[in-house]
Protein chains: 2
Amino acid sequence: MLSKLKTFLIGSPLPTFATAQRRLNKIRALAALSPDALSSIAYANQEIYLGLLIAGSAGLSLALPIGLAITGVLVTVAISYYQTLDAYPSGGGSYVVASENLGKLPGLIAASALLIGYILTAAVSLTAGVAAIASAYPTLWPHRTHLALGLLIVITLINLRGSDETGNLMSIPVYLFLFTYLPMLAYGAIRLLIDGHTPLVAIAPPATEALTTLLILHTFSAGCTALTGIEAISNGISLFKPPQTKNARQTLAVIALLMAVLFIGSIGLTQGLAVIATAQETILSALARRLLGSGPLYLLVQTSTMLILAVAANTSFAGFPRLAAILAADGYLPRQLTNLGDRLVFSNGIVALAAITGGLMILFGGDSHALIPLFAVGVFLAFTLSQAGMVVHWWRKRGRNWPLKLFFNSLGALTTASTVLIIGASKFFEGAWLTIFFIPALVYMLLQIRLHYHQVASQLSLRGIAPAFRPFVNERAVIPVTGIHRGMIDAVNFAHVLFPQLTALHIELEPGSGEELKEKWNQWWPDVELVVVSSPYRSIVAPFLDFLDETDRRHADGQQAVVILPEIVPAKWWQNLLHNQTAWLIKSALLYRRRNQGFQRVIIDIPYHLER
Amino acid sequence: MLSKLKTFLIGSPLPTFATAQRRLNKIRALAALSPDALSSIAYANQEIYLGLLIAGSAGLSLALPIGLAITGVLVTVAISYYQTLDAYPSGGGSYVVASENLGKLPGLIAASALLIGYILTAAVSLTAGVAAIASAYPTLWPHRTHLALGLLIVITLINLRGSDETGNLMSIPVYLFLFTYLPMLAYGAIRLLIDGHTPLVAIAPPATEALTTLLILHTFSAGCTALTGIEAISNGISLFKPPQTKNARQTLAVIALLMAVLFIGSIGLTQGLAVIATAQETILSALARRLLGSGPLYLLVQTSTMLILAVAANTSFAGFPRLAAILAADGYLPRQLTNLGDRLVFSNGIVALAAITGGLMILFGGDSHALIPLFAVGVFLAFTLSQAGMVVHWWRKRGRNWPLKLFFNSLGALTTASTVLIIGASKFFEGAWLTIFFIPALVYMLLQIRLHYHQVASQLSLRGIAPAFRPFVNERAVIPVTGIHRGMIDAVNFAHVLFPQLTALHIELEPGSGEELKEKWNQWWPDVELVVVSSPYRSIVAPFLDFLDETDRRHADGQQAVVILPEIVPAKWWQNLLHNQTAWLIKSALLYRRRNQGFQRVIIDIPYHLER
């Protein structure tokens with residue numbers, strides 16, 4: 001029944017050879033990978049507007065220059081990643097590029113920054129997107145956390161269904177957003193040409209703070225969040241239909257172009273038409289209202305903004321499981337993250353991301369929006385390490401046009417490094433310091449996991465053992481007896497055949513009960529000794545383990561007595577609640593409560609299945 | 001470390017022979033068993049006052065007559081239970097008496113009513129008691145659910161420590177309550193004698209409803225909650241030091257006397273002094289304020305009321321685990337409830353009650369106070385069945401003075417039966433109907449559990465099998481192979497010795513990986529066949545189970561191949577998260593996902609313990 005539900009929710013399992021057929025064409029890959037990048041525009045815009053508003057008309061007149069500077073960074077980063085796609089056709093996320101060219105530690109720093117970034121993007125964009133929709137429909141407001149969790153479940157299921165379905169379903173919000181914003185911006189541009197500029201001075205509220213360099217840098221940092229999500233393509237290259245590199249490069253170019261047009265277009269129009277927002281609405285909403293009035297067209301634009309914000313989380317679902325699988329393959333994360341699920345996606349990574357995101361959403365509710373700009377410093381750190389890695393790559397490998405490529409990646413590295421410094425310095429006390437704590441903590445965890453796998457491998461290694469059959473003999477076995485029943489008969493008969501020295505052990509909880517059992521036992525198996533041990537403290541497991549240790553000591557034959565466990569298995573799961581689980585307790589104690597060094601005791605489970 | 005924490009919290013384990021020394025003297029037994037009965041007075045009083053207030057002074061003047069009627073019921077019930085203690089010296093709860101004399105079903109109905117009553121008393125008295133304390137100290141108000149949960153944990157731990165500690169700790173609130181209330185009532189009685197009656201007419205607010213018979217009956221029902229908790233003694237007889245019956249009878253008599261004095265005393269004084277409470281305070285608080293002013297004495301009385309309300313839950317902790325253990329011994333509840341824990345108490349029952357109570361408190365918060373009067377109908381149902389059982393008992397058994405005893409128990413049965421009818425009718429739509437749903441549901445559950453145990457016993461029964469050794473031979477074994485490592489060497493060598501026909505099985509997830517493994521395998525164990533099965537859907541368990549079934553079918557030798565499971569056990573528990581739990585998945589599938597009728601496959605677990 002559970003497996004039917006699973007098939008209903010995520011579809012029937014796909015065979016491994018179907019991997020190639022599950023790749024996406026450019027149209028759907030863009031839809032699957034771009035929501036975060038495109039939605040970044042929406043809040044970067046708002047951050048710039050709010051940052052400058054306090055400096056009055058003089059401040060707001062700097063919006064376009066700052067926007068152009070950010071677009072400059074965007075173009076540099078996009079070109080750098082374009083080159084990365086060429087050099088790493090099998091997927092060149094920041095982790096791969098940084099660890100291959102700069103070393104293990106820079107790679108892990110980049111990976112940690114991205115993992116944290118993905119998680120925060122998922123949590124924050126879901127709550128923010130749903131909050132935006134709920135503020136338009138006030139009846140939904142009290143239920144926004146439940147709605148956000150519901151949306152999380154939907155996005156998780158879509159991603160578990162596989163890339164095909166993700167591409168199809170994400171197309172709706174992404175292309176709706178593009179097909180409402182691009183025409184609106186074009187119409188605005190025409191209006192601007194016809195009507196001409198409106199002077200800001202007359203409209204902007206008076207300045208409350210001076211226009212300092214710090215304020216400008218602060219606004220620039222905040223606006224740089226526009227770039228988050230652009231690295232998704234280089235991580236997700238395996239999603240594309242062949243020719244993968246070509247398709248991925250073209251898609252990256254299109255996304256970068258769209259981001260630039262949307263960003264510069266909206267900032268330019270806002271400044272050119274001197275749009276000012278009230279405290280209750282965003283600057284993009286004010287711009288849309290100025291251009292389209294408050295009718296159905298305006299509502300369509302607002303709805304599409306909310307939808308793309310809400311599905312921005314999907315970029316994390318595309319990126320996180322892939323990065324986690326790469327890290328797991330290198331031994332830095334639990335191995336299970338490399339498993340391809342029923343639908344040929346990294347199901348464990350998807351479920352892990354959903355669980356962490358859901359946990360954060362429940363823990364922090366809607367209050368976490370402030371975290372996104374903070375972790376921008378982490379994302380730009382990953383960008384910088386990746387670009388610096390590319391610089392080393394070109395220097396080592398040379399190849400066609402290498403000086404030009406090296407130049408572009410150097411420019412990218414310098415630009416993103418300066419951005420890291422600017423964001424880190426101007427936002428340090430607002431929370432950028434958090435990255436100083438969380439990234440090293442995550443790097444430490446990754447290294448510890450790797451260490452564990454290394455230790456396991458060396459402990460299991462066959463080095464120094466020649467292939468040969470060395471019989472591993474156990475002649476002694478102990479069977480715990482609670483009573484004589486059908487399950488016990490099979491177990492004793494089985495053990496009797498295999499182990500010449502079989503001992504039965506009864507732990508007596510109520511004084512005197514052992515004698516009665518012994519009499520009955522001797523009728524059944526007179527040649528198997530039944531030992532009765534009384535347990536004054538009413539524990540079964542501890543006296544049983546003590547007895548095993550003691551017999552081993554007494555025999556001193558280098559063997560560890562085998563444990564025979566007759567286990568009654570009920571017909572329905574809930575019936576387990578009605579039984580004492582003694583077999584389970586003994587098994588757990590033998591496996592996990594290790595009692596002595598070099599302990600290796602064989603456990604033989606002889607189930608007796610009840611029919612009803 | 002966990003076991004040290006346990007010892008610190010509940011004390012070191014006690015041997016079974018210490019049971020006799022853990023019995024309580026009368027002083028401490030009264031403290032352990034009476035909190036619910038005594039605290040009932042507090043809210044029964046309030047219910048009567050509120051019920052009559054709406055009928056103005058004419059209504060309030062009926063408080064004393066109604067109080068006397070309830071005290072009459074109390075005395076009858078107390079005498080009946082007094083006789084029960086005599087007839088059932090080893091513990092005569094309603095369940096025992098009703099099932100022995102009236103039959104299985106009446107017994108189970110009484111048991112269900114009491115179980116539900118205990119759970120509700122625990123949940124409601126904790127929240128109500130803490131709410132009372134928190135309303136005196138408003139800073140605590142927002143934390144009252146957490147405080148109530150904290151108090152639940154404390155009461156649970158005290159009860160897990162055993163009856164000695166329970167008796168000691170409960171003495172404080174119980175005797176504090178008695179030593180503040182009894183002198184206060186005495187002082188009030190003297191004042192009343194000196195000052196004389198105050199007429200109610202001048203003081204009571206005008207009537208808003210007419211004084212109908214229904215209103216009087218309704219108030220009577222509400223006031224009958226004063227009796228809840230009185231059955232605790234007959235359930236808890238095993239707590240007493242010998243001579244048990246005598247001690248229990250004397251304690252019951254003292255408790256009944258105290259209840260009567262407290263109840264009649266407070267109601268009489270309230271009416272005699274014409275005390276009227278404001279909407280913000282209880283009638284007992286108003287009485288105390290009238291007698292003692294608002295100084296420290298008044299605060300002491302209030303504090304003692306709150307404390308006894310808060311620990312009323314302890315009566316449930318005394319009663320529930322004992323009743324559950326009796327039911328479990330008869331097969332109506334999970335057998336584990338009969339286990340005596342480390343401290344010679346029914347730990348599982350205590351923990352179960354704490355878990356259910358905690359769940360109810362989290363679910364309903366403080367809103368559940370209304371439930372207590374509703375389940376009074378259940379409690380009186382249990383009283384009635386118990387008294388009726390006693391009537392049958394005397395009729396059958398006769399003995400000294402049997403007609404007199406039969407008369408008292410008949411009177412008890414009639415009184416409580418009429419109370420059931422009055423409460424049921426007058427409070428039907430306020431929630432008494434809930435008992436019609438919950439008691440049958442619980443009875444059904446108890447019967448189903450009993451049926452399960454019967455079925456298990458008959459399935460495991462040895463009837464028809466003569467004692468004889470019939471060798472249970474398995475020559476075939478299958479070992480799943482993921483790779484060749486130290487753990488695998490031990491497993492193969494062990495299996496090789498015991499099973500002539502050993503097959504190794506590798507489930508190939510990545511096409512081609514099997515060939516490589518096969519080569520290495522043949523170097524190690526050329527005489528053990530390694531079969532490679534490819535799994536296009538990347539599942540390990542399903543192809544493994546299919547292979548087992550297929551081999552069994554092919555061999556058609558009536559045997560089921562044994563499964564050899566090499567299992568790597570990490571040194572620390574968290575390291576389990578880093579491994580693929582394949583052995584665990586296979587074990588669970590073999591034990592719980594039964595694949596075919598009569599399935600009984602032996603599993604041999606060969607652990608390999610890692611050192612770090």
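Author: The contact, counted wherever heavy atoms lie within 4.5 Å, takes 85 residues from chain B and 85 residues from chain A. This is a predicted model, in which local features need pLDDT of at least 70 and side-chain atom pairs count only at pLDDT 80 or more, whereas totals for chains, interfaces and linings use all residues. Residues are numbered from 1 along each chain as its sequence is written, chains are lettered from A in the order in which they are written, and side-chain values use heavy atoms, with hydrogens and water left out.

The area buried between chain B and chain A (the accessible area, with a 1.4 Å probe, that two parts lose on being put together, summed over both) is about 7700 Å², and carbon and sulfur atoms give 58% of it. On the chain B side, B:Gln459, B:Arg538 and B:Leu578 lose the most area to chain A, together 9% of what that side buries.

Turning to polar atoms, there are 26 residue pairs in polar contact between chain B and chain A, both residues being at pLDDT 80 or more; such a contact is a pair of N or O atoms within 3.5 Å, where, within protein, one must be able to donate a hydrogen and the other to accept it, and residues adjacent in sequence count only if both atoms are side-chain atoms. Among the elements of chain B that give two or more residues to this side are helix H19 (428-460), helix H20 (486-498) and strand E5 (603-609), and H20(B) gives the most, with nine residues; helices (H or I, at least four residues) and strands (E, at least two) are DSSP runs, numbered from the N terminus.
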